[in-house]
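Student: I would like to learn how to read aromatic rings in a protein model. Could you take me through it step by step?

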Amino acid sequence: MITLINFERNNRANNDIHTNTTVPIKRDSTKYNRYVGYNDENSIRETIAKLYIKTKNNGVLIRTPIPKPSQPETTKIMELITIPNEINKEYIYNSIVKLISTGNIDFSKFGYKGDSKKISDIIYSVLEDSKQKGALSSTLKSSFISFVCWFIRYNTYQLTNILYMGTASKNEIYWLYIMHNLGCEVNTVSFIDDNSEYLKTDTANRYSNLIMGNRFTPLSIDFKTINVDDYIYADKINQLNQQRTELNVSIIEMLSQNNVEKELSMLRSQRINTSNGTNESVYFVLLSGFDEEDSYRNMLFNIRKNITNSPKPLIFIDKGLEKPNYDEGAEYYNINRNNSTAMIMEFIKHLEVPTSKDRTILAKQRFLSLMSKRKDSLSNNTLFGMCVNVCVWFRQCVELIDFLKCDVPVFFFYGNPNSHEFTLMELLSSIGFDILIACPDKMVYNDIVRLDTNSIMQTFEYSNTGAIKDFPKQLVRAKVATTAYNASKDLDNILYNDGCIFRSHHYAFCQTVTLKTTFEEIDLLWNAESKYRPGFSSDEHTVTVPNIFAKLDGIPYGDTSRYLKEVQSKLTPNSIYYRFIPFFKPNYDLNDFTGYFNGTRLDLARIKLNNNINKYSHMPDSVQDLIFQKMQEVIDSGYLKVKYPDIMHLTIKVGTMLPSNLLQLIQNYDFTKEIPKIVIIHSNKIPFSVYECILLLLLNFIGFDILIYTPTGYKNIETYIDTRAFEQYNIGEFKYDLNAPNLKIPKVKSNKKFGFFRK
C-alpha cells in the first residue's frame, strides 16, 4: 500500500469523413447524403467503414433493393387501413393516426418528435411530387403501401441511421427522404454514375446532398472484415485527445546535480514557467551512483527530511511498490482483454483525480499515450497486468493528495524501478508530481534510462557505484534479509526470469485455452505437462494453460474390454473418476444469493468475507481468489444455457461448495506442470444436472483436463453447456448395456502408454 509521509488525507459530433468532394455537406441536424463515385479508393473505403460503424448503434445497412411488400404484409396493411382509389392529404393523415394508435408504428423510434400532421404532410408532398411527374393513381397507391410497409418493417427497433448501398429506386428515394425528415441520418453509396437517374425523381435536387467523385469503378466491400471496435474506439480516443484543460504541466531541468536538494524543495510559486492555476513546472530526475557514499546517503536523508517538513506532500518508496492484492484490483478484473485498444479505454474510465477535473483529463490522456505505445510490444495479458498495477497505484497516490490545498507533491523512489513503476511515475509527472529516482547502483543505469522512452527524465550520473542498501537511518520500516536469503533471491532471479524454467507454483493464477485436437492427439497430449503442450504461454505475470475438454461418444470397434483399459489408462494420481450419476450436488439448501452479485458481476469480496457462504476460508487466499474469479469467467463465457438471474445463484452455489477432493487437487495444481484430470463414464439415460455442468465448466476454466466417455452417445453436458465449450468425437459403435466398473486411481504415474491407435 502506498502511504503519504507528511500529508494527511483531506476530508459524438459529425465529421467530414470524405475530403475529396465537389459539393459541400449541409450541416442539418440530420443528413441525407448521396455518395456517387469516388476520387480515391482508400478514402471511400474509409468513408463507407465509418458510415457502417454508425449503423451499429440504432441503424441498419440496406443493400439494394429494399424488398417490396410481400402479400402477407400488403394484406395486413389493407386490414388496418382501407386503400381508396384516390389518396388525398386527409386520408393520409387519418391513416397515420390509426397506424400510430393501434401500435403498428412508433415514429419516435425513427427519431421523430413532432405530431402526426407533419408526417402526413411529408408523405403527401412526395406523393404529390410523383403525381406531378405523371404517376397514375394505382402507382400512388402502390407507393403509399410500400412506405407504410417499410415503416412497419423497420419499426421493431430504434432506427436513426441508414446506410443504403447501390442505386435507389423511385419509391426508395422518396422513402429515404421521408425517413430523413423524420429524424434519420441517411447515406447512400453508389459506385456508378446514377445521378441522372436520381434526378428523374428529385428533379430539383432538393432531397439530398450530393458528394460526387470522378471514378466509377465498382468496388467490393466486405462489411464482415470491418473492425467495428477499432473504429468506435478510434473515435473515443479522438474525443479524449481533443479535450482541453486550463492547466498545463511542463517538465523543467535542474541547474546542476549540486542543486538537487535545494531545487526539489522549491515551492510551486518559486519555480520558473509557473503561473497560478494555468502553468506548473515539475522535475523528473534520476540520481545514478554517488561520489562519496556517506555524503550521498546524507543527501538522501536530507532530501526526505526537508520535504517531510515542508508543505509538499511526499510519497516515499524504498522497497519497490507492492503488487495490488485481489481486493485492490477487483474493479478491473472484468475488463475484457481481447482488444488491447478497447481494454486501455476501459481502464481510462477508472482514472480520476478526485480534487481536479483538469488533472483527471491530463491523466487520462497520458495513460492513453503511454499504454498505446506499449500495446504493440506486449501481449494483451501482460498489458492488462501493467494497467491494473498502474491504475491501482495511481489511485492510491492521488487519493492522498488534495491539489487545491497542497504544494507540488513529490514521488521519491529509492532503488531500481521496473517498467510498471516507471510508467506510474510518468503518469504522476503528467498531473503535477515531482519525480525523484535515486539508485546508487550504476550497473542498472542503462536499464532505467531505457524505460524513459519519451525522454522526459533528467539524469545525473556520479562517479562511483554501490549496492542498493537500506535507506539511511531508521526513517522507514525495513526488513533485514539474511545473507542466505539474499543469495537465494539472486539465484531465483537468474533461474526463473527467462520463461523456460519455472519455480514450484510459479504462478498463482492462470488463463486457459481448450485444445481443439483430433481424437488421436488426446492420447498423445494427455500425460504431457502444460508447459509442453501447444498453446502454452507465459510472461512475468500470467500463464496460459492449454487443457482438454472432450466428450467421446461410442466404443471403438465395439470392443468393451479394450475400451475400459483405455479409460483406466487415462487415470493418474491427480485424477478423479466418476461412474455414477449424479456425481455432484451441493450439500446445502441455500438457493437465493441475492445481494452477492450486481447485474452479471459477482461481488467476490463479499462472497469471500461471508463464512456462511465461503467454505474455503481455511484455504490460502490464492486458492480462494482463483476459484471465485473463475466463477465470474464461467458467467462471462456465455457457454452456460442458463438464464439470468438463475445463472448467478447457481454458479455461486456450485462454486462455493466444491468437495474436498477437488479442493486438494486445486491447491496442489502447479499450472506449468501436470494437469489434474476428471474422467467420467456416463452409460445411462440420465443427463447431467445443471450443478454438474456448472462444476465441469468451472473446472475447465481452472485448468483441469476433462474426458467424458459416453458409450451410448446420449446427451449429458450438452443439456446445459454450449458445444463451443468442448470438443465432441464419435469414436465407434454405440453400446447401451455397459456397467461402468470401479476403476482404481493409481498411486504413481504410469509410464505405460495405451490407446486405440497404439500398437
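This is a predicted model: local features need pLDDT of at least 70, side-chain atom pairs count only at pLDDT 80 or more; totals for chains, interfaces and linings use all residues.

Student: What describes a pair of aromatic rings?

Tutor: A pair of aromatic rings is described by the distance of the centres and the angle of the planes. This structure holds 32 aromatic pairs. In one of them, Tyr 52 and Phe 223, the ring centres are 4.9 Å apart and the planes stand at 50°, so the pair is tilted.

Student: Where in the chain do Tyr 52 and Phe 223 lie?

Tutor: Tyr 52 belongs to helix H1 (residues 41-55), while Phe 223 sits in the loop between strand S5 (209-212) and helix H8 (228-242), so that the pair links distant parts of the chain, 171 residues apart.

Student: Are Tyr 52 and Phe 223 buried or exposed?

Tutor: Both Tyr 52 and Phe 223 are buried. For another pair, Tyr 714 and Tyr 736, the centres are 5.8 Å apart and the planes are at 35°, so this pair is tilted. Tyr 714 has a relative accessible area of 30% and is partly exposed, whereas Tyr 736, at 51%, counts as exposed, because the cut-off for exposed is over 50%.

Student: Which residues do ring pairs link into a cluster?

Tutor: The cluster linked by ring pairs consists of Phe 107, Phe 110, Trp 150, Phe 151, Tyr 154 and Trp 175.

Student: Which residue lies over the face of Tyr 596?

Tutor: Arg 606 lies there, at 4.6 Å from the ring centre of Tyr 596, and Lys 677 lies over the face of Trp 526, at 4.5 Å from the ring centre.

Key:
Residues are numbered from 1 along each chain as its sequence is written. Side-chain values use heavy atoms; hydrogens and water are left out. Rings of Phe, Tyr and Trp (its six-membered ring) pair if their centres lie within 6.5 Å; planes under 30 degrees apart count as stacked, over 60 as edge-to-face and the rest as tilted. Helices (H or I, at least four residues) and strands (E, at least two) are DSSP runs, numbered from the N terminus. Buried means under 20% relative accessible area, exposed over 50%, partly exposed in between (1.4 Å probe, protein chains only). A charge sits over a ring if NZ of Lys or CZ of Arg is within 6 Å of the ring centre and within 35 degrees of the ring normal.
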